[in-house]
Amino acid sequence: RVLFRSLSFFLWITLLYLVTSKSAHYMFYESHFSWIYLIKVALTTLLVSVLNFGLGRVLGGSRFFQEASQCLGQKNTAFTVWICLETFNPSIALGPMFYIVIQNLYNSWLISKKTIS
C-alpha cells in the first residue's frame, strides 16, 4: 500500500518534470514568440487560476474552503499539455503549462502552511 503511494508520487513528479522541461525547451529554443506575448499568456493563466481557486474558496464557505478551492482550481492539465505538444502546435500548450506551474506553486504554499503551523 505504501509502495503504491510512493510510486504514484514518483510518477507524478516525473510527469511534471517531463511536461515542464519539454514546454520550457519549446519556449526558449523553438518558439518565435516575444517575451511580451509569453508574459500575457502567463498573466491570463494566473488570472484564470486565481478565479478558479478563489471561487472554490467562496463556495466552500468557512468549513470546506480548502476542499472546494481544490475542486475548482486543481486541473489535470498534464495530459492536455502532452496532447498539445505531440499532436498540435506546441504553442497551444503554453496556457496549460503555465496553469500547471501556478497550481503546483499554490498547492506547495498550502502544504507548507499546514506543515509549518
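Reply: Start with a term. A nonpolar core is a set of buried Ala, Val, Leu, Ile, Met, Phe, Trp, Tyr and Cys residues joined through side-chain atoms within 4.5 Å. Keep in mind that this is a predicted model.

Me: Which residues form the largest nonpolar core?

Reply: Nine residues form it: Leu16, Val19, Ala78, Val81, Cys84, Leu85, Ala93, Met97 and Ile100. H4 gives the largest share, four residues.

Me: Which residues are named in the second core?

Reply: That core is separate and has five residues, including Met27, Leu38, Val41 and Leu94.

Me: Why is Ile100 called buried?

Reply: The cut-off for buried is under 20% relative accessible area. Ile100 has 3%, so Ile100 counts as buried. Its place is in helix H5.

Me: What does Ile100 touch, beyond residues up to four places away in sequence?

Reply: Ile100 touches Leu16, Val19, Thr77, Ala78 and Val81. A contact here needs heavy atoms within 4.5 Å.

Me: How do you know whether Ser49 is buried or exposed?

Reply: Set its value against the cut-off. Ser49 has a relative accessible area of 2%, and buried means under 20%, so Ser49 is buried. Ser49 sits in helix H2 (residues 35-60). Not counting residues up to four places away in sequence, Ser49 touches Tyr99 and Ile102.

Me: Which residues of H2 are buried?

Reply: In H2, these are Leu38, Val41, Thr45, Ser49, Phe53, Gly56 and Gly60.

Me: What makes the span of H2 close to the expected one?

Reply: The expected span is 1.5 Å times one less than the number of residues. H2 has 26 residues, which gives an expected 38 Å. From first C-alpha to last, H2 reaches 37 Å, and that is close. Just after H2, Gly61 takes a positive phi of about 65°.

Me: What makes Phe28, Tyr29, Trp35, Ile39, Leu43, Leu46 and Val50 a nonpolar patch?

Reply: A patch residue needs over 30% relative accessible area and no salt bridge, and nonpolar side chains are joined within 5 Å. These residues form such a patch on the surface, with about 800 Å² of accessible area together. Helix H1 (2-30) and H2 each give two or more residues to the patch. H2 has the largest share, five residues.

Me: Why is Tyr29 called exposed?

Reply: Exposed means over 50%. Tyr29 has a relative accessible area of 64%, so Tyr29 is exposed. Tyr29 lies in helix H1.

Me: What makes Gln74 partly exposed?

Reply: Gln74 has a relative accessible area of 32%, so Gln74 is partly exposed. Gln74 lies in the loop between helix H3 (65-73) and H4. Leaving aside neighbours within four places in sequence, Gln74 is in contact with Phe53, Ser69, Gln103 and Asn107. The C-alpha atoms of Gln74 and Tyr99 are separated by 9.3 Å, though these residues are 25 apart along the chain.

Me: How many helices and strands does the chain have?

Reply: There are five helices and zero strands. From the N terminus on, the order is α-α-α-α-α. The C-alpha atoms fill a box of roughly 45 × 35 × 25 Å along the principal axes.

Me: What share of the chain is buried?

Reply: Buried residues make up 31% of the 117 residues. The chain exposes about 8,400 Å², and carbon and sulfur atoms supply 72% of that area. Among contacts between residues at least 6 apart in sequence, 63% join residues at least 24 apart.

Conventions
Residues are numbered from 1 along each chain as its sequence is written. This is a predicted model: local features need pLDDT of at least 70, side-chain atom pairs count only at pLDDT 80 or more; totals for chains, interfaces and linings use all residues. Side-chain values use heavy atoms; hydrogens and water are left out. Buried means under 20% relative accessible area, exposed over 50%, partly exposed in between (1.4 Å probe, protein chains only). Patches are made of residues with over 30% relative accessible area and no salt bridge: like charges are joined within 9 Å, nonpolar side chains (Val, Leu, Ile, Met, Phe, Trp, Tyr) within 5 Å. Accessible areas come from the Shrake-Rupley method with a 1.4 Å probe; for residues, only the protein chains shown count as cover. A salt bridge is a side-chain nitrogen of Lys or Arg within 4 Å of a carboxyl oxygen of Asp or Glu.
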